[in-house]
Amino acid sequence: GRATDDPASVLKGALKVGQTKHYPALRREEVGAFLRELLEYPGRPETRLALQILLLTFVRPGELRAARWTDFDLEGAEWRVPAERTKARVEHIVPLSLQTIALLKELQSLTGHAACLFPGGHSRVPYISENTLNKAIEVLGYKGRVVGQGFRATASTILNESGHFAPDVIERQLAHAERNKVR
């Protein structure tokens with residue numbers, strides 16, 4: 001019943017704005033030490049390989065955990081993550097470096113007999129749990145300093161700060177969909 005210049009003024013503060021949660025990530029100067037410690041990881045070699053591959057591809061941890069050998073073309077050096085396993089529900093093509101291919105071949109000697117790269121234990125899901133990678137990070141002494149998902153922020157920051165790559169290319173590699181439909 002009140003006439004004002006701003007009819008929405010009575011609603012100000014009524015809706016809470018969601019807070020963005022940033023995952024802990026390694027800084028550039030921490031990556032080398034982390035990689036050296038990872039080479040000495042005392043747990044399963046498959047877990048070490050998963051973390052190394054995650055660092056090299058910066059896919060989402062869930063996409064890596066659920067990866068199947070049939071998704072990979074090692075000769076063509078690419079990994080096609082099917083749409084049903086991506087956040088945006090769009091197929092994501094991940095180019096594979098020579099280092100990643102070498103790690104995948106090492107992993108293949110361990111788990112190549114299974115459908116998934118990282119077969120699970122006794123759960124209802126056929127691959128390792130989401131806690132496996134973060135527990136390994138904790139064992140390495142990095143609890144609270146980084147999580148598997150944080151490697152994406154590490155990669156994005158390092159690549160963007162380098163100035164060697166177009167931001168659009170980095171975003172595409174991170175499988176971030178363009179939100180501007182006109183563009």
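Reader: In which loop is the place of alanine 88?

Author: This is a predicted model, in which local features need pLDDT of at least 70, side-chain atom pairs count only at pLDDT 80 or more, and totals for chains, interfaces and linings use all residues. Residues are numbered from 1 along each chain as its sequence is written, and side-chain values use heavy atoms, with hydrogens and water left out. Helices (H or I, at least four residues) and strands (E, at least two) are DSSP runs, numbered from the N terminus. In these terms, alanine 88 is placed in the loop between strand 2 and strand 3.

Reader: Is alanine 88 buried, exposed or partly exposed?

Author: Buried means under 20% relative accessible area, exposed means over 50%, and partly exposed lies in between (1.4 Å probe, protein chains only). The relative accessible area of alanine 88 is 41%, so the residue is partly exposed.

Reader: How far apart in space are alanine 88 and histidine 176?

Author: In sequence, alanine 88 and histidine 176 are 88 residues apart. In space, their C-alpha to C-alpha distance is 7.9 Å.

Reader: Valine 90 is also found in a loop; how far in space is this residue from alanine 177?

Author: The loop of valine 90 runs between strand 2 (78-81) and strand 3 (92-95). Valine 90 counts as partly exposed because its relative accessibility is 48%. Although 87 residues separate valine 90 from alanine 177 in sequence, their C-alpha atoms are apart in space by 8.9 Å.

Reader: What pattern does the protein follow along the sequence?

Author: The secondary structure comprises seven helices and three strands. Read along the sequence, these elements give the pattern α-α-α-β-β-β-α-α-α-α.

Reader: What is the phi of phenylalanine 58, and what is that of alanine 77?

Author: Most residues other than glycine have a negative phi. Phenylalanine 58, in the loop between helix 2 (45-57) and helix 3 (61-65), is buried because its relative accessibility is 12%. Alanine 77, in the loop between strand 1 (72-73) and strand 2, is partly exposed because its relative accessibility is 24%. Neither residue is a glycine, yet both have a positive phi: about 40 degrees for phenylalanine 58 and, for alanine 77, near 55 degrees.

Reader: How many aromatic pairs does the structure hold, and why is the pair of phenylalanine 72 and tryptophan 79 called stacked?

Author: Rings of Phe, Tyr and Trp (its six-membered ring) pair if their centres lie within 6.5 Å; planes under 30 degrees apart count as stacked, over 60 as edge-to-face and the rest as tilted. The structure holds four such pairs. The pair of phenylalanine 72 and tryptophan 79 is stacked because the ring centres are 4.8 Å apart and the planes stand at 20 degrees.

Reader: What are the relative accessibilities of phenylalanine 72 and tryptophan 79?

Author: Both residues of this pair count as buried. The value for phenylalanine 72 is 12%, and that for tryptophan 79 is 1%.

Reader: Which residues form one aromatic cluster?

Author: Besides the pairs, a grouping of rings can be named. The cluster consists of Phe34, Tyr142 and Phe151.

Reader: What radius of gyration does the protein have?

Author: The radius is taken over C-alpha atoms, and the globule rule is 2.2 Å times the number of residues to the power 0.38. For a compact globule of 183 residues, the radius would be near 16 Å. The C-alpha trace spans about 75 × 40 × 40 Å along its principal axes. The protein itself has a radius of gyration of 20 Å.
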